[in-house]
Amino acid sequence: MIVITSPTGRIGRSLLPLLLDEAPARGERLRVVVRDPARLPAGVRDRVEVVVGSHREPDVVDEAFAGADAVFWLVPPDPRTADLDAAYAGFTLAAAGAFARRGVGHVVGVSALGRGTPFARHAGHVTASLAMDDLIAGTGVAYRALANPTFMDNLLPQAARIRDEGVYANVVRADVAAPLVAVRDIAAAAARLLLDRSWSGAGEVPVLGPEDLSAREMAAVMTEVLGRPVRYERQSEADLRAMLGGTGAGAAIVEGFVAMLRAKEAGLDAGVERTPETASPTSFRTWCEEVLEPAVRA
(Lines give C-alpha, C1' and ligand atoms only; values in the text may rest on other atoms or scores of the structure.)
Protein backbone atom coordinates (compact mmCIF):
# COMPACT_ATOMS: atom_id res chain seq x y z
CA MET A 1 0.00 0.00 0.00
CA ILE A 2 1.35 3.41 -1.07
CA VAL A 3 -0.34 6.53 0.34
CA ILE A 4 -0.09 9.81 -1.55
CA THR A 5 -0.77 13.13 0.15
CA SER A 6 -1.53 16.33 -1.80
CA PRO A 7 -2.47 14.34 -4.93
CA THR A 8 -4.04 17.36 -6.65
CA GLY A 9 -1.01 19.65 -6.28
CA ARG A 10 1.63 20.15 -8.94
CA ILE A 11 3.84 17.27 -7.87
CA GLY A 12 0.98 14.96 -6.91
CA ARG A 13 -0.67 15.43 -10.32
CA SER A 14 2.59 14.33 -11.95
CA LEU A 15 3.22 11.49 -9.50
CA LEU A 16 -0.16 9.77 -9.73
CA PRO A 17 0.06 8.81 -13.43
CA LEU A 18 3.49 7.30 -12.81
CA LEU A 19 2.09 5.04 -10.09
CA LEU A 20 -1.36 4.17 -11.45
CA ASP A 21 -0.08 1.44 -13.77
CA GLU A 22 3.25 0.54 -12.22
CA ALA A 23 2.10 0.09 -8.63
CA PRO A 24 -0.72 -2.42 -9.32
CA ALA A 25 1.62 -4.36 -11.62
CA ARG A 26 3.86 -4.80 -8.59
CA GLY A 27 1.01 -5.83 -6.34
CA GLU A 28 0.73 -2.42 -4.67
CA ARG A 29 -2.52 -0.63 -3.86
CA LEU A 30 -2.77 3.18 -3.98
CA ARG A 31 -4.54 5.40 -1.48
CA VAL A 32 -4.78 9.19 -1.64
CA VAL A 33 -5.59 11.79 1.01
CA VAL A 34 -7.54 14.70 -0.43
CA ARG A 35 -9.85 17.40 0.90
CA ASP A 36 -12.08 17.43 -2.19
CA PRO A 37 -12.28 14.15 -4.13
CA ALA A 38 -13.99 15.99 -6.99
CA ARG A 39 -10.63 17.53 -7.85
CA LEU A 40 -9.30 14.09 -8.76
CA PRO A 41 -9.82 13.11 -12.41
CA ALA A 42 -12.59 10.54 -12.75
CA GLY A 43 -10.16 7.99 -14.14
CA VAL A 44 -8.05 8.36 -11.00
CA ARG A 45 -10.92 8.17 -8.51
CA ASP A 46 -11.89 4.79 -9.90
CA ARG A 47 -8.39 3.36 -9.41
CA VAL A 48 -7.39 4.51 -5.92
CA GLU A 49 -8.72 4.37 -2.40
CA VAL A 50 -9.69 7.83 -1.16
CA VAL A 51 -9.45 9.19 2.38
CA VAL A 52 -11.20 12.55 2.60
CA GLY A 53 -9.77 15.33 4.75
CA SER A 54 -6.60 17.23 5.61
CA HIS A 55 -3.49 15.19 6.32
CA ARG A 56 -2.79 17.59 9.17
CA GLU A 57 -5.58 15.99 11.21
CA PRO A 58 -4.84 13.02 13.53
CA ASP A 59 -7.96 11.05 12.63
CA VAL A 60 -7.34 11.50 8.90
CA VAL A 61 -3.72 10.29 8.93
CA ASP A 62 -4.59 7.49 11.33
CA GLU A 63 -7.11 6.19 8.81
CA ALA A 64 -4.93 6.90 5.79
CA PHE A 65 -1.82 5.16 7.13
CA ALA A 66 -3.56 1.97 8.28
CA GLY A 67 -1.87 -0.85 6.39
CA ALA A 68 0.46 1.57 4.57
CA ASP A 69 3.94 0.44 3.59
CA ALA A 70 5.04 3.76 2.08
CA VAL A 71 3.84 7.39 2.19
CA PHE A 72 4.51 10.30 -0.12
CA TRP A 73 4.53 13.34 2.16
CA LEU A 74 4.01 16.89 0.94
CA VAL A 75 2.92 19.83 3.08
CA PRO A 76 0.49 22.05 1.13
CA PRO A 77 0.99 25.82 1.17
CA ASP A 78 -0.77 27.77 3.89
CA PRO A 79 -0.69 31.43 2.83
CA ARG A 80 -2.38 32.58 6.06
CA THR A 81 -0.09 30.85 8.54
CA ALA A 82 1.34 33.04 11.30
CA ASP A 83 4.40 30.82 11.76
CA LEU A 84 6.50 28.86 9.27
CA ASP A 85 7.45 26.18 11.77
CA ALA A 86 3.75 25.57 12.40
CA ALA A 87 3.15 25.41 8.64
CA TYR A 88 5.75 22.67 8.12
CA ALA A 89 6.73 20.73 11.26
CA GLY A 90 3.49 21.65 13.02
CA PHE A 91 1.46 20.37 10.08
CA THR A 92 3.48 17.13 10.19
CA LEU A 93 3.15 16.38 13.93
CA ALA A 94 0.07 14.18 13.64
CA ALA A 95 1.54 12.23 10.73
CA ALA A 96 4.81 11.69 12.59
CA GLY A 97 2.91 9.98 15.37
CA ALA A 98 0.86 7.95 12.91
CA PHE A 99 3.94 6.72 11.02
CA ALA A 100 5.09 4.88 14.15
CA ARG A 101 1.66 3.88 15.39
CA ARG A 102 0.59 2.41 12.06
CA GLY A 103 3.97 0.80 11.30
CA VAL A 104 4.69 2.74 8.11
CA GLY A 105 8.00 1.51 6.74
CA HIS A 106 9.09 4.19 4.27
CA VAL A 107 8.32 7.88 3.78
CA VAL A 108 9.36 10.09 0.84
CA GLY A 109 9.02 13.82 1.49
CA VAL A 110 9.32 16.97 -0.60
CA SER A 111 11.94 19.30 0.85
CA ALA A 112 14.74 21.62 -0.20
CA LEU A 113 18.45 21.98 -0.76
CA GLY A 114 20.58 23.82 1.75
CA ARG A 115 21.33 21.44 4.61
CA GLY A 116 24.90 21.87 5.82
CA THR A 117 25.36 25.30 4.23
CA PRO A 118 25.96 28.44 6.31
CA PHE A 119 22.68 29.85 4.96
CA ALA A 120 20.30 27.09 6.02
CA ARG A 121 19.42 28.55 9.43
CA HIS A 122 18.12 31.81 7.96
CA ALA A 123 16.39 30.66 4.77
CA GLY A 124 12.71 31.07 5.57
CA HIS A 125 10.69 28.28 3.98
CA VAL A 126 13.77 26.15 3.49
CA THR A 127 14.72 26.37 7.17
CA ALA A 128 11.22 25.28 8.15
CA SER A 129 11.25 22.45 5.59
CA LEU A 130 14.54 21.08 6.94
CA ALA A 131 13.10 21.11 10.46
CA MET A 132 10.17 19.08 9.14
CA ASP A 133 12.64 16.55 7.72
CA ASP A 134 14.31 16.24 11.12
CA LEU A 135 10.94 15.61 12.75
CA ILE A 136 10.10 12.79 10.33
CA ALA A 137 13.56 11.24 10.51
CA GLY A 138 13.33 11.31 14.30
CA THR A 139 10.38 8.91 14.24
CA GLY A 140 12.68 6.09 13.12
CA VAL A 141 10.89 5.55 9.82
CA ALA A 142 13.05 5.04 6.72
CA TYR A 143 12.95 8.54 5.21
CA ARG A 144 14.18 10.19 2.04
CA ALA A 145 13.81 13.94 1.67
CA LEU A 146 13.77 15.05 -1.96
CA ALA A 147 16.14 18.01 -1.72
CA ASN A 148 15.04 20.40 -4.44
CA PRO A 149 16.30 23.71 -5.80
CA THR A 150 13.97 26.28 -7.35
CA PHE A 151 11.17 24.77 -9.46
CA MET A 152 11.08 25.69 -13.14
CA ASP A 153 7.30 25.52 -12.81
CA ASN A 154 7.36 28.52 -10.47
CA LEU A 155 7.59 30.61 -13.65
CA LEU A 156 4.09 29.63 -14.75
CA PRO A 157 2.29 32.36 -12.76
CA GLN A 158 4.31 34.86 -14.82
CA ALA A 159 3.25 33.37 -18.17
CA ALA A 160 0.83 36.22 -18.93
CA ARG A 161 3.44 38.87 -18.19
CA ILE A 162 6.02 37.04 -20.28
CA ARG A 163 3.50 36.99 -23.13
CA ASP A 164 2.26 40.57 -22.81
CA GLU A 165 5.38 42.43 -21.67
CA GLY A 166 8.31 40.14 -22.48
CA VAL A 167 9.42 40.32 -18.86
CA TYR A 168 9.83 37.98 -15.93
CA ALA A 169 10.91 39.06 -12.46
CA ASN A 170 12.61 37.90 -9.29
CA VAL A 171 14.79 39.46 -6.59
CA VAL A 172 17.98 37.45 -7.24
CA ARG A 173 20.87 39.07 -9.13
CA ALA A 174 20.80 38.38 -12.86
CA ASP A 175 24.25 36.74 -12.90
CA VAL A 176 23.74 34.19 -10.08
CA ALA A 177 23.71 30.71 -11.60
CA ALA A 178 21.88 27.99 -9.68
CA PRO A 179 20.21 24.61 -10.29
CA LEU A 180 16.60 24.38 -11.43
CA VAL A 181 14.30 21.36 -11.41
CA ALA A 182 11.15 20.44 -13.30
CA VAL A 183 8.24 19.25 -11.17
CA ARG A 184 7.90 16.14 -13.31
CA ASP A 185 11.46 15.12 -12.40
CA ILE A 186 10.65 15.46 -8.70
CA ALA A 187 7.63 13.23 -9.24
CA ALA A 188 9.76 10.67 -11.09
CA ALA A 189 12.30 10.59 -8.26
CA ALA A 190 9.48 10.09 -5.75
CA ALA A 191 7.98 7.25 -7.81
CA ARG A 192 11.30 5.41 -7.96
CA LEU A 193 11.74 5.57 -4.20
CA LEU A 194 8.16 4.59 -3.44
CA LEU A 195 8.24 1.57 -5.74
CA ASP A 196 11.73 0.31 -4.85
CA ARG A 197 11.92 0.39 -1.07
CA SER A 198 15.26 -1.35 -0.73
CA TRP A 199 16.64 1.71 1.11
CA SER A 200 16.76 2.27 4.85
CA GLY A 201 17.67 4.94 7.37
CA ALA A 202 17.24 8.65 6.80
CA GLY A 203 18.82 10.82 4.15
CA GLU A 204 18.40 13.25 1.28
CA VAL A 205 18.01 12.67 -2.45
CA PRO A 206 18.99 15.84 -4.32
CA VAL A 207 17.15 16.47 -7.60
CA LEU A 208 19.27 19.09 -9.34
CA GLY A 209 18.26 19.23 -12.98
CA PRO A 210 20.98 18.92 -15.65
CA GLU A 211 22.54 22.41 -15.41
CA ASP A 212 22.94 25.63 -13.45
CA LEU A 213 21.50 28.75 -15.06
CA SER A 214 21.37 32.43 -14.15
CA ALA A 215 18.29 34.58 -14.58
CA ARG A 216 19.95 36.24 -17.57
CA GLU A 217 20.62 32.85 -19.17
CA MET A 218 17.04 31.74 -18.50
CA ALA A 219 15.78 34.86 -20.29
CA ALA A 220 17.96 34.02 -23.29
CA VAL A 221 16.54 30.49 -23.46
CA MET A 222 12.97 31.79 -23.21
CA THR A 223 13.69 34.30 -25.98
CA GLU A 224 14.88 31.53 -28.30
CA VAL A 225 12.06 29.11 -27.49
CA LEU A 226 9.23 31.65 -27.59
CA GLY A 227 10.58 33.49 -30.62
CA ARG A 228 10.16 36.86 -28.93
CA PRO A 229 12.40 38.96 -26.67
CA VAL A 230 12.21 38.12 -22.97
CA ARG A 231 14.22 40.05 -20.42
CA TYR A 232 14.82 39.62 -16.72
CA GLU A 233 13.76 42.38 -14.35
CA ARG A 234 15.23 42.35 -10.87
CA GLN A 235 12.60 43.26 -8.28
CA SER A 236 13.30 44.98 -5.01
CA GLU A 237 12.36 43.13 -1.84
CA ALA A 238 9.72 45.81 -1.28
CA ASP A 239 8.18 44.99 -4.66
CA LEU A 240 8.21 41.28 -3.82
CA ARG A 241 6.52 41.94 -0.49
CA ALA A 242 3.85 44.02 -2.19
CA MET A 243 3.27 41.40 -4.88
CA LEU A 244 2.95 38.53 -2.41
CA GLY A 245 0.80 40.58 -0.08
CA GLY A 246 -1.49 41.32 -3.01
CA THR A 247 -2.13 37.58 -3.43
CA GLY A 248 -3.38 37.36 0.16
CA ALA A 249 -0.20 35.91 1.69
CA GLY A 250 0.36 36.74 5.34
CA ALA A 251 3.48 38.31 6.82
CA ALA A 252 5.10 35.00 7.81
CA ILE A 253 4.81 33.63 4.28
CA VAL A 254 6.04 36.87 2.72
CA GLU A 255 9.07 37.21 4.98
CA GLY A 256 9.80 33.50 4.54
CA PHE A 257 10.04 33.99 0.79
CA VAL A 258 12.24 37.06 1.16
CA ALA A 259 14.62 35.21 3.48
CA MET A 260 14.70 32.15 1.22
CA LEU A 261 15.54 34.17 -1.88
CA ARG A 262 18.26 36.08 -0.03
CA ALA A 263 19.78 32.73 0.98
CA LYS A 264 19.52 31.39 -2.57
CA GLU A 265 21.33 34.44 -3.90
CA ALA A 266 24.06 33.84 -1.32
CA GLY A 267 24.54 30.21 -2.36
CA LEU A 268 21.97 28.12 -0.50
CA ASP A 269 21.50 25.75 -3.46
CA ALA A 270 25.20 25.37 -4.25
CA GLY A 271 26.11 22.89 -1.53
CA VAL A 272 25.51 19.65 -3.50
CA GLU A 273 27.62 18.45 -6.40
CA ARG A 274 25.82 17.50 -9.57
CA THR A 275 26.56 13.87 -10.44
CA PRO A 276 24.74 11.27 -12.56
CA GLU A 277 22.86 10.34 -9.37
CA THR A 278 21.84 13.88 -8.38
CA ALA A 279 21.11 15.27 -11.87
CA SER A 280 17.61 15.00 -13.31
CA PRO A 281 16.91 14.91 -17.04
CA THR A 282 14.63 17.81 -17.96
CA SER A 283 16.59 20.83 -19.17
CA PHE A 284 15.21 24.34 -18.86
CA ARG A 285 15.00 24.54 -22.65
CA THR A 286 12.96 21.34 -22.83
CA TRP A 287 10.69 22.56 -20.05
CA CYS A 288 10.17 25.87 -21.85
CA GLU A 289 9.28 24.04 -25.08
CA GLU A 290 6.90 21.56 -23.47
CA VAL A 291 5.39 23.49 -20.55
CA LEU A 292 6.04 27.24 -20.66
CA GLU A 293 5.41 27.86 -24.36
CA PRO A 294 1.92 26.29 -24.32
CA ALA A 295 1.10 28.32 -21.19
CA VAL A 296 2.31 31.56 -22.77
CA ARG A 297 0.37 30.90 -25.96
CA ALA A 298 -2.84 29.84 -24.17
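Two strands count as paired if DSSP finds at least two bridges between them. Helices (H or I, at least four residues) and strands (E, at least two) are DSSP runs, numbered from the N terminus.

**About the model.** This is a predicted model, in which local features need pLDDT of at least 70 and side-chain atom pairs count only at pLDDT 80 or more, while totals for chains, interfaces and linings use all residues. Residues are numbered from 1 along each chain as its sequence is written, and side-chain values use heavy atoms, with hydrogens and water left out.

**View 1. Strand β2 and its two partners.** On one side, β1 (residues 2–5) runs parallel to β2, joined by 4 bridges. Look for V3, which sits opposite R31 of β2. Strand β3 (residues 49–52) also pairs with β2 in the parallel sense, again over 4 bridges, and here V32 faces V50 of β3.

**View 2. Strand β2, covered on both faces.** Buried here means under 20% relative accessible area, exposed is over 50%, and partly exposed is in between (1.4 Å probe, protein chains only). L30, V32 and V34 are buried on one side, and R31 and V33 are buried on the other. With 5 of the 5 residues of β2 (residues 30–34) buried, the strand is largely enclosed by the rest of the structure.

**View 3. Helix α4, from cap to end.** At the N-terminal end, D83 does the capping: one of its side-chain oxygens is 3.1 Å from the backbone nitrogen of D85. Further along, α4 bends by about 40° at L93, the bend being the angle between axes fitted to the seven residues ending there and the seven starting there. Just past the helix comes G103, with a positive phi of about 70°.

View 4. Among the buried residues of α4 are Y88, F91 and F99. The cover over its buried residues includes α3 (58–64), β4 (70–73), β5 (106–112), α5 (125–137) and α10 (251–266), where contact means heavy atoms within 4.5 Å.

View 5. The buried residues of α5 include H125, M132 and D133. Its buried residues are covered by elements including β4, α4, β5, β6 (142–148), β10 (202–206) and α10.

Terms used: Polar contact = N/O pair within 3.5 Å; in protein donor to acceptor, adjacent residues only side chain to side chain.
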